[in-house]
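Hello,

Here is the structure I promised to pass on to you.

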Amino acid sequence: MTLSAFDDKLKPPQPQNLAATLGNTFVFWNELKAMIETGFAPVSFEWGFTSKTTGWGLRVKSQQRTILYMTPCEGYFLASFALGEKAVKAAHQSDLPATVLKIIDSAKKYAEGRGVRLEVRSGMDVRNVEKLAIIKMAT
């Protein structure tokens with residue numbers, strides 16, 4: 001089973017399929033994209049198929065720096081970050097909820113930072129992802 005709801009390498013997600021797959025969270029998908037685009041312009045959005053286990057995801061970049069990845073799932077989506085230790089420290093000094101900080105602290109460490117994945121199912125989740133994006137880009 002792939003992480004993404006879209007697992008066919010030959011079929012990238014299309015807007016109508018994305019809306020149907022995300023259901024009620026499609027509005028949050030668009031809200032997050034708009035917030036990131038406004039806050040970090042110029043921004044590029046690029047679909048990519050990483051592997052059979054990951055499937056299709058949307059890479060969100062500001063110039064040459066990746067801000068986050070958005071992975072569509074059935075009825076929700078994941079917002080994924082690679083957070084360096086400065087960003088982790090800044091997250092702990094922010095007003096992010098303890099549940100988000102716990103996810104950050106338990107994330108696996110890689111050379112490029114901690115691999116943090118947050119489920120987005122509500123407007124509050126979108127705001128937490130936006131806060132984390134601001135922290136990441138400021139560090």
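This is a predicted model: local features need pLDDT of at least 70, side-chain atom pairs count only at pLDDT 80 or more; totals for chains, interfaces and linings use all residues.

The protein chain holds five helices and six strands. If you follow the chain from the N terminus, the elements come in the order α-α-β-β-β-β-α-α-β-β-α. Its radius of gyration is 14 Å, close to the 14 Å that the globule rule gives for 139 residues, so the chain is as compact as a globular protein of that length. The C-alpha trace spans about 40 × 30 × 30 Å along its principal axes.

Of its 139 residues, 41% count as buried. Among contacts with a separation of 6 or more, 61% are between residues 24 or more positions apart.

Now look for the sheet. It is an open sheet of six strands, paired antiparallel, in the order S1-S2-S3-S4-S6-S5. Which strands stand at the edges? They are S1 (43–49) and S5 (109–110); each has a single partner strand, so one side of each is left without a neighbour in the sheet. The partner S2 (residues 56–62) runs antiparallel to S1, and seven bridges join the two. To find one such place on your screen, pick Gly48, whose bridge partner in S2 is Gly57.

Helix H1 (residues 15–22) lies across S1, S3 (65–73) and S4 (76–83), and runs at about 70° to S3.

Finally, the core. The largest nonpolar core has 36 residues, and the members that touch the most others are Ile36, Leu68, Ile104 and Leu132. Helix H5 (residues 123–138) gives the most to this core, with six residues. Which residues does Ile104 contact, leaving aside its neighbours within four places in sequence? With those set aside, Ile104 is in contact with Leu83, Val88, Ala91, Arg114, Val116 and Leu132.

Enjoy exploring, and write back with any questions!

Best wishes

Notes
Residues are numbered from 1 along each chain as its sequence is written. Side-chain values use heavy atoms; hydrogens and water are left out. A nonpolar core is a set of buried Ala, Val, Leu, Ile, Met, Phe, Trp, Tyr and Cys residues joined through side-chain atoms within 4.5 Å. Buried means under 20% relative accessible area, exposed over 50%, partly exposed in between (1.4 Å probe, protein chains only). Helices (H or I, at least four residues) and strands (E, at least two) are DSSP runs, numbered from the N terminus. Contact means heavy atoms within 4.5 Å. Two strands pair if DSSP finds at least two bridges between them. Axes are lines fitted to C-alpha atoms, for helices over the stretch in contact, and angles run from 0 to 180 degrees between N-to-C directions. The radius of gyration is taken over C-alpha atoms; the globule rule is 2.2 Å times the number of residues to the power 0.38.
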